[in-house]
Amino acid sequence: MEQIIIFGLGLNAWITILTVMSIFVIMARTRIPAVVAFLGAMTVLLIFGIVSEAEGMAGFGSEPVVVHAAFFVVMAGLMQTGVLYWLTKHVLGSPKNYRQALLKLMIPIAGLSALLNAVNVVALFIDVVKIWARKLGTAPSRLLIPLSYAATLGGTCTLIGNSSNLVISGLYAEQTGESMNLFAPLVPGLFCTVVGIGMVMLLRKMIPARPSPETSFESTSDYTVELLVPTDNPAVGMTADEAGLRNVRGGSLIEIVRFDKEIITPVPQDEFILGGDRLIYAGQINEMLELKRTHGLVAADHHVYNISEIDTDRKLRTAYVGFGSDLIGTHMSDNGFEHRTDMVLVAVARQGRRIDGQPREVALEAGDTLLLECPPKDDREIESLTKDSLTFFDSHFVPQLGPKTIVATVILLAMFVLSVTHVMPLMATTMLAAGAMLLMKCCRMTKVTKYIEWDLLLILGSTVVFSTAITKTGVAETVANGVLNMWGDSPNPYVIMALLCILASVFSEIISDVGACGVFFPIAYHVAVAMGCNPMPFVISLMLAVTISFASPIGSSTHMLIYGPGGFKFTDFMKIGMLMHVVLLAADLLIVNFVYPLYN
């Protein structure tokens, strides 16, 4: 196969290019989850023998994957011992106005994201930000975008702050045999963070104000009603479907309360109706009350649900449909979610407004907010059941602070000290910290797996394999030489660096920062080597360029986290994000070349 040469590249090289490009198309044009796209592409490379089985497995044992996996265990210890809970309670304070809120929010969040990973910080502080917004009388969206931007910017300051930083540092170590310092991107990252925070403050009036999805769910009595089945009703003895009482115009039957207090939910289609049953419906109140006339039902003496007084066994919770969720494009009436999780959909809100009509017949989209009636299970058990489908942000888990809180803090600080002082490599320090968390019982082994983002680890491993294939097949070298030939005998390294960073940052808006850095790193590295330049400025500028994806919600994991809670439209990120992207890209190229010389 390698003897076939087309435009200077072998067949394996073209297969690699088409395979990697297919990920861009799939991510941009389909709803296939990212992890499926990445693993599928890697499978193609294995089938054609472009990468060996050993190389494929090596990707999942590489530094980015191992460090991330170990850091998830560290985060579990910080969560379960209350370290992060203490931070959320004491770090931010209480702002008096919107402008002060932005400063009190963005500066500490940027600092924490450098140490604790941006995605974890955003997930931790979403509820806090929503409380702030309520107190200040402003839309949560006006604080959630600054939250995501600050976390992303702060994450550029260290290797563990963003996943893409770890991927690039791992690939750099493979190419050079030298490990990057934990704080290698600190100065450029800090400069871009300061510029970014200043931009948000200047452009704060451009941040869109979207209605909070939760405002659609403030009074459940507005759309739940309880109707009683008289003993002489013709429906008695029939199934809920046969009687026409299960899926009705404007709503659906979410629960049956028997006369002996037995609760049946979700209601199966073959469930029989008995005299004295209380039928609880969710949907349009006026449509459901029409059932009283058409089906011979009578009004019960009270509403079953109320936000302030919910049944002690089952509770109402809000969740968000994230990008890549297996619920996107499906209807609750036929996707099996309710049966699988023992939950019942009560209502759906989109972009801050409740969708009228039958909630179970709504075709779900990324960012939709769902009000669910949940079974009497632990919050984390519920969240583990829905991990691939929904994200909950109303968890009431409050850890107990105590001696283990101090132990976990010491372990975290020791991890940083050992890494910064080069006593141990980053991978060794994170693994040691993870082991210490388990050994000191700061987190339970049985619960650690709930904190691990398996999809992210698989994507990271696949990205490393793609980079290997791009290098191995000569794609990186050929593209690098082609770029250099465009400028003749004396190419300008600054121009080429800028070109690569612009392309990488645009692609990161489409397929995420992790995918972009895996594709562009080998090209940038080979360009630097071919010109006889120090690779470090190319590497660090690329590290920042793929991270500042502010114009699209799919460009960063932190943007995807806030998309649902903020009730955003897809285009909302462009209003401030495009200008942020351009300014920060210029700041990136300026500061990196000031800190890192092009020639050793």
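Rings of Phe, Tyr and Trp, the last taken by its six-membered ring, count as a pair if their centres lie within 6.5 Å, and a pair is called stacked when the planes are under 30 degrees apart, edge-to-face when they are over 60 degrees apart, and tilted otherwise. In this structure, which is a predicted model, there are six aromatic pairs. Two of these are set out in the table below.

| Ring pair | Distance between centres | Angle between planes | Class |
|---|---|---|---|
| Phe 507 and Phe 520 | 5.5 Å | 55 degrees | tilted |
| Phe 521 and Tyr 525 | 5.9 Å | 25 degrees | stacked |

Because Phe 507 belongs to helix H20 (residues 493-511) and Phe 520 to helix H21 (residues 513-530), their pair ties together parts that are 13 residues apart in sequence. Phe 507 is partly exposed, at 23% relative accessibility, whereas Phe 520 is buried at 8%. Phe 521 and Tyr 525, by contrast, both lie in helix H21, four residues apart, which is about one turn of the helix; Phe 521 is buried with a relative accessibility of 1%, and Tyr 525 is buried with 12%. Elsewhere, ring pairs link Tyr 563, Phe 568 and Phe 573 into a cluster, and the charged end of Arg 142 sits over the ring of Tyr 98, at 4.0 Å from the ring centre.

Strand S10 (residues 344-350) is mostly covered, with six of its seven residues buried. S10 pairs in the antiparallel sense with strand S12 (residues 369-374) over five bridges, and here Val 348 stands opposite Leu 370. Two further bridges join S10 to strand S11 (residues 353-354), again antiparallel, with Arg 350 opposite Arg 353.

In helix H19 (residues 475-485), the buried residues are Val 475, Ala 476, Ala 480, Val 483 and Leu 484. Seen down the axis of H19, these residues fall within an arc of 160 degrees, and they therefore line one face of the helix.

Thr 463, which lies in helix H18 (residues 454-472), is buried with a relative accessible area of 1%. A polar atom of the Thr 463 side chain lies 2.8 Å from the backbone oxygen of Ile 459, and, leaving aside neighbours within four places in sequence, Thr 463 is in contact with Phe 38, Val 167, Val 514, Gly 515 and Gly 518.

Most residues other than glycine have a negative phi. Lys 441, although not a glycine, has a positive phi of about 60 degrees; this residue lies in the loop between helix H16 (426-439) and helix H17 (445-448), and Lys 441 is exposed, at 60% relative accessibility.

Definitions and conventions:
Residues are numbered from 1 along each chain as its sequence is written. This is a predicted model: local features need pLDDT of at least 70, side-chain atom pairs count only at pLDDT 80 or more; totals for chains, interfaces and linings use all residues. Side-chain values use heavy atoms; hydrogens and water are left out. Helices (H or I, at least four residues) and strands (E, at least two) are DSSP runs, numbered from the N terminus. Buried means under 20% relative accessible area, exposed over 50%, partly exposed in between (1.4 Å probe, protein chains only). A polar contact is a pair of N or O atoms within 3.5 Å; within protein, one must be able to donate a hydrogen and the other to accept it, and residues adjacent in sequence count only if both atoms are side-chain atoms. Contact means heavy atoms within 4.5 Å. Two strands pair if DSSP finds at least two bridges between them. The arc is that of the directions from the helix axis to the C-beta atoms. A charge sits over a ring if NZ of Lys or CZ of Arg is within 6 Å of the ring centre and within 35 degrees of the ring normal.
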